[in-house]
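Welcome! Here is a short briefing to read beside the structure, with the main points grouped by topic.

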Amino acid sequence: MQKNTESFIDFKDFPKNYDYQTVEKKISQYWEDNKIYKFEPCDKIRKVYSVDTPPPYVSSSHLHVGHVMSYSQAEFIIRYKRMKGFNVFYPMGFDDNGLPTERYVEKKYKINKSKITREEFIDLCLKETKSGIEVYKSLWKSVGISADYGLSYSTIDERCRKTSQKSFLDLYNKGLIERRNEPILWCPQCRTSLAQADVVLEEFSGVLYDIEFKSMDGKGLIISTTRPELLGGCVAVYANPADERYGFLKGQNVNVPLYNKEVPVKYDESVDMNYGTGLMMVCTWGDAEDVKKWKEHKLDTAIVIDKAGRLNELSGKFNGLNVKEAKKAVVEDLNEKFLIKGEKPLIHNVGVHDRCATPVEFILAEQWFIKILDNKDKFIGAGNQMTWHPEFMKARYDEWINNLKWDWNISRQRFYGVPFPVWYCSECGEVITAAETELPVDPAANSPAVNKCPKCGGKEFKPETDVMDTWMTSSMTPLINSRWAYGDIESKELLNTIYPMGLRPQAQEIIRTWLFYTVVKSIYHTENIPFKNIMISGWGLDKNGKKMSKSLGNFVGPEDIISKYSADALRYWASKANLGQDLRFNEEDVVAGRKLLIKIWNAARFLITNISPEFDPYEKNISDLKLSRIDKWVLTEFENALKVCENNMESYEYSFALRTASDFFYNIYCDNYLEIIKNVFWDEGEENAERKKTVLNVMYFVSLNILKVFAPFMPFITEELYLSFYGNFEKGKSIHLSIWPEFKKELIFSDSVKIAGILLNILEASRKLRTNLNLHQNHRIGKILIQTLNPDYIGIINEISGDIMSAVRAERVVFSDKADFKTADGDIFISLEK
RNA sequence: GGGCGGAUAGCUCAGCCGGUUAGAGCACCGGCUUUACAAGCCGGGGGUCACAGGUUCGAACCCUGUUCCGCCUACCA
């Protein structure tokens, strides 16, 4: 293992400066060429740690340092697991089907969807997807994300389409998917139906109008509503059964203004007597409450809004107006007839489409639903079986499930997505599903395997033209990774090996979607949880504490930061936030990261440039060396720090782990240990040879092992030092495949910490004195005078006098009453003499 | 309306299963350059731990309430 003399010249010439620009590129290439992060499916020895990597949607170049933060935080743990000896399954996915991509392409090419064919549009989406993936891949590589890119998938590729379609068939066969004709959430802007998860509530300021209806005997009845434009869709008027004011209306109809039509009066306890006049109009459909009453009480249907969000012919003279225009026109009409009895401004919550912020409407359409309302308990139960980091994030999951109102509508009236593996008989409408063997299938381009309808014998079939919700695919990622859709032996073995997955890292805003839907699918398909651990990251915020996003323009691109400060430094910033906590982006923190890198580099250089050709770190066990008190102290402190780091990494508390490691590295190792021992290298005397050797071995041991602790956080510089120096004495082709330092109990020398404390107090006081005297810290002095009031200290000070002299750069240690400068230990005083 | 997270030095954040004078980095002030590192080293100043109560020998930490910021969630039309 010993290096030859020629290489030794290289060590002496070890670069003074760390050139991260060159090194990071070189190391990245090295990892790729040597397949350092390759998952080994045939490895039967190591345990598997599998990761369900978040697939970012690739169709817009929206990546900012916040994304780097969240990926890095998960990656700290993943790299740690790899060093703990796990066979890591860490794929990279790219989410590129569905609405986000479509919207991106529409915007980029200013597309009018009525003037482009489905095929042309899909081609454009595929093209953008492809180039997007390349941009992402290169960024992830430059950040040092240690995924096995050989395991990549894209949600529009064949495997994902096959898996999504198989999921559909499996659920259909299990009776968990139904086609139903019912009111659904609809985005008039995107012209597609939505699921509850695609709708977010937004505060709008609106007006509550008091509108006069008429009872059959002509009495005015005031009803408050924010949506007068839906008057034409009014199908009933409701009151609370306990409301004595309206008991007289029982069994009667009331007259709807402007439309001169009669609707029945109904009673329901959900009506708040104290809101408005206590009378409420129900339309088909203005909100979820309308849908509920319509279903429960079998109300008439009067649909006045079309799929474009415009009023239709049923609305009479308002036909063709959009909702906003119609509202204005209806109010004007009512005002002319003096039927508006009051207007109150109010702030109310309106459901909007999360991709385009357009208020959603309800329309009636035949759609495919995955039943989820019946199994809320199972999903909550699954949530309890998984370990959440941080734990408080679980509340969001539970809350979401408890508040679910609709089954999961998976039909989308869009182009770019995974098609349903379904045809309908033209005669009788019977559903014809694809055979599993033909997946993935495009029903628009292929015929069903059967040649006649099993129900009516019809021979014509119509393909389902809707595509599936993008989450229909994303929710399958653990099963996509596990090749669940494939029946061969290797796929089955992979499923057994990596599923349930070890880790799901993800962002907090997709708990209700990606996380929830994945649990649904896993429970339904495998009766198992999809993963054991969940890491939820916080957001990257801008300097002012606002969430970074492209639309807000407060966005810091990672490329600039990386080229300015290095990827390792950016990752250092990412480590600053505790998991789940938001983190402001501060360039100063990245600068601090770069400082740490430089310190690591220089500390290593001190060792590297001082070793001699005979150096052999493994000539003896470290505990068999003739260790001084100060050596024992640094080893003890290292082992203690190591233990803390390891415990914290085990509980996904990477932030505290790195802080502990850096504190040890700066305060214990660099500022004190190296400063205390360094002058052994200034003296060429033979009597120093043995001590030099010991010190070099201690330095090698500590610096290599702390480098390993740093490795998950700063993968580039640690690898560079490992390959260019430590690797000459170590086996293994990467620090990231090396084994995490094992805690060595035999290197804990408890009394050394106390004894070193005495030395450190003396050193600190000597530094203060030097500062007071304007004396250079390394300037050699003749004597250090020490006075101690504690007789127990005398023996100790005698024992460590060599280290004291070395530490304070003095020729001699002398006990003397003249020493009068108080140290932090009130029982010790010192003075310095030339 | 309910819930969660946050409020600690000028700035960004640790500490929070109670226990000596509350920490780090940056910024600020003073000093130090042949012997790993000036992108450095040594030293220093700086905080009534959001506010008000309470429990305790002792509270940044536990309890109650309040304010502000952020988020999740919610059928008051």
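In this predicted model, K768 is partly exposed, at 45% relative accessibility. Its salt-bridge partner is E764, with the closest N and O atoms 3.9 Å apart. E764 counts as partly exposed too, at 35% relative accessibility.

**Salt bridges**

- E764 and K768 sit four residues apart in helix α22 (residues 750–772), so about one helical turn separates them.
- A network of salt bridges with shared partners joins E178, R180, E182, K295, K371 and D407.
- In total, the structure holds 45 salt bridges.

**Links between strands β7 and β13**

- K344 and D210 meet through their side chains in a salt bridge (3.9 Å, N to O).
- This pair links distant parts of the chain, 134 residues apart, with K344 in strand β13 (residues 340–353) and D210 in strand β7 (residues 199–215).
- D210 is buried at 12% relative accessibility, while K344 is partly exposed at 43%.
- E212 and K341 form a salt bridge, their closest N and O atoms being 3.9 Å apart.
- Because E212 lies in strand β7 and K341 in strand β13, this pair ties together parts that are 129 residues apart in sequence.
- E212 is buried, with a relative accessible area of 15%, whereas K341 is partly exposed, with 46%.

**A charged surface patch**

- E119, E120, D123 and D442 gather on the surface as a patch of negative charge.
- E119 belongs to helix α5 (residues 118–143) and is exposed, with a relative accessible area of 52%.

**The whole chain**

- Chain A has 24 helices and 29 strands.
- Of its 834 residues, 57% count as buried.
- The radius of gyration of chain A is 35 Å, while a compact globule of 834 residues would have one near 28 Å.

Methods. Residues are numbered from 1 along each chain as its sequence is written. Chains are lettered from A and ligands numbered from 1 in the order in which they are written. This is a predicted model: local features need pLDDT of at least 70, side-chain atom pairs count only at pLDDT 80 or more; totals for chains, interfaces and linings use all residues. Side-chain values use heavy atoms; hydrogens and water are left out. Patches are made of residues with over 30% relative accessible area and no salt bridge: like charges are joined within 9 Å, nonpolar side chains (Val, Leu, Ile, Met, Phe, Trp, Tyr) within 5 Å. Accessible areas come from the Shrake-Rupley method with a 1.4 Å probe; for residues, only the protein chains shown count as cover. A salt bridge is a side-chain nitrogen of Lys or Arg within 4 Å of a carboxyl oxygen of Asp or Glu. Lys and Arg count as positive and Asp and Glu as negative; His and the chain ends are not counted. The place of a charge is taken as NZ of Lys, CZ of Arg, CG of Asp or CD of Glu. Helices (H or I, at least four residues) and strands (E, at least two) are DSSP runs, numbered from the N terminus. Buried means under 20% relative accessible area, exposed over 50%, partly exposed in between (1.4 Å probe, protein chains only). The radius of gyration is taken over C-alpha atoms; the globule rule is 2.2 Å times the number of residues to the power 0.38.
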